[in-house]
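Please work through the following exercises with the structure in view, trying each task before reading its solution.

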Amino acid sequence: MKFCLHFANTTYPGPQDAKRLALAAEAAGFESVVAIEHVVIPTNYSSRYPYSESGRMSSGIDTPRPDPLAWLTYVGALTSRLKLITGVLVLPQRNPLVLAKHLATIDHLTGGRLELGIGVGWLREEFEALGVPFERRGARTNDYIQAMQALWDSNDASYQGEFVSFHGMSCNPKPMNGRVPIIVGGNSKPAIRRAAQFGNGYFPATGETSFNVADAIKALQQEARAVGRDPKEIKVMTGCPDALPGSGKDPLTAVAAKTDAGVDRVVLPLSAFEADLETMLAEFGENVIAHVDG
């Protein structure tokens with residue numbers, strides 16, 4: 001089992017705090033950190049936030065949300081082992097050729113530690129402000145994944161899709177390990193199908209909802225087999241509330257249950273460790289991570 005810290009760039013947006021977090025997380029044995037994305041937040045929105053029963057985000061419009069790729073690059077320069085994950089980057093809002101170069105560069109500079117967590121987005125008003133169509137964003141996402149992978153796979157690359165096409169193009173440097181791993185986020189059936197077809201990982205975020213992760217994993221396994229893939233190739237990451245400090249539950253039992261359910265990486269919100277960051281991360285490393293790894 002791998003252990004990851006979530007909401008890293010919004011919990012510790014500034015340079016000194018980001019450095020403090022990164023060094024403490026790596027020293028404690030955490031495998032990765034996740035940075036979230038919103039380019040802009042509308043003051044008023046009618047779109048429904050899918051990870052809260054209320055349909056609203058808990059954070060305000062003045063909450064710092066550093067660009068995840070810039071924040072992760074900074075953290076990557078301060079660390080040597082910590083994996084750097086977007087969770088999630090709203091892929092259809094980005095130019096896939098520019099993004100392919102950006103991601104490969106970050107991955108190259110950080111020794112192959114970048115993982116691209118993607119989503120199709122839910123905030124229509126944000127898409128409208130960016131001038132990107134909200135409709136058919138799922139199909140656009142699928143197109144963009146394949147276009148980026150074509151550029152990563154070889155020089156003199158060509159790709160013909162509905163939303164992007166090019167012929168005889170080269171994009172260098174390449175990612176250190178061939179491709180930047182793609183983790184598909186989302187709780188919908190299309191997200192599960194996308195993970196089965198294109199993903200190296202799947203991130204069924206629960207948020208404050210009662211979403212059933214076990215059912216999502218079973219659906220993922222079925223979809224993977226249907227497209228001729230081994231489900232074990234697609235690593236699952238999700239939350240583990242019972243492992244958090246102050247939960248009143250045994251964290252080792254909670255982690256074991258996630259392992260049995262087919263989860264490969266548990267994602268823990270940094271808010272659970274904020275009271276005494278270095279001490280609480282170190283204690284979790286000693287009491288949980290070391291025992292699971294050992």
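**Exercise 1.** Determine whether the crossing of helix 9 and helix 10 is left-handed or right-handed, and describe how the two helices pack.

*Solution.* In this predicted model, the crossing of helix 9 with helix 10 is right-handed. Helix 9 spans residues 251–260 and helix 10 spans residues 277–293, and the two pack at an angle of about 45° with their axes 10 Å apart. Because angles under 35 degrees count as roughly parallel and those from 65 to 115 as roughly perpendicular, helix 9 is described as oblique to helix 10.

**Exercise 2.** Find which residues of helix 9 and helix 10 meet, and sort them by class.

*Solution.* From helix 9 come Pro251, Leu252 and Val255, which meet Asn287, Val288, His291 and Val292 of helix 10. Sorted by class, this contact of helix 9 with helix 10 holds five nonpolar and two polar residues, with no charged ones.

**Exercise 3.** Decide whether Thr86 is buried or exposed, and identify what surrounds this residue.

*Solution.* Begin with the location: Thr86 belongs to strand 3, which covers residues 83–86. Its relative accessibility is 1%, and since buried means under 20%, Thr86 counts as buried. Next, leaving aside neighbours within four places in sequence, the residues in contact with Thr86 are Val34, Ala35, Pro68, Leu69, Leu72, Glu115, Leu116 and Gly117. For Gly117, the backbone nitrogen lies 2.8 Å from a polar atom of the Thr86 side chain. Finally, Ser165 is 79 residues from Thr86 along the chain, and the C-alpha atoms of these two residues are separated by 25 Å.

Key: Residues numbered from 1 in each chain as written. Predicted model: local features only at pLDDT ≥ 70, side-chain atom pairs only at ≥ 80, totals over all residues. Heavy atoms only, no water. Helix = DSSP H or I, 4+ residues; strand = E, 2+ residues; numbered from the N terminus. Buried < 20%, exposed > 50% of the residue type's maximum accessible area, 1.4 Å probe, protein only. Contact = heavy atoms within 4.5 Å. Polar contact = N/O pair within 3.5 Å; in protein donor to acceptor, adjacent residues only side chain to side chain. Axes fitted to C-alpha atoms, helices over the stretch in contact; angles between N-to-C directions. Parallel < 35°, antiparallel > 145°, perpendicular 65-115°, else oblique. Left-handed = near helix turned anticlockwise from the far one by under 90°. Nonpolar A, V, L, I, M, F, W, Y, C, P; charged D, E, K, R; others polar.
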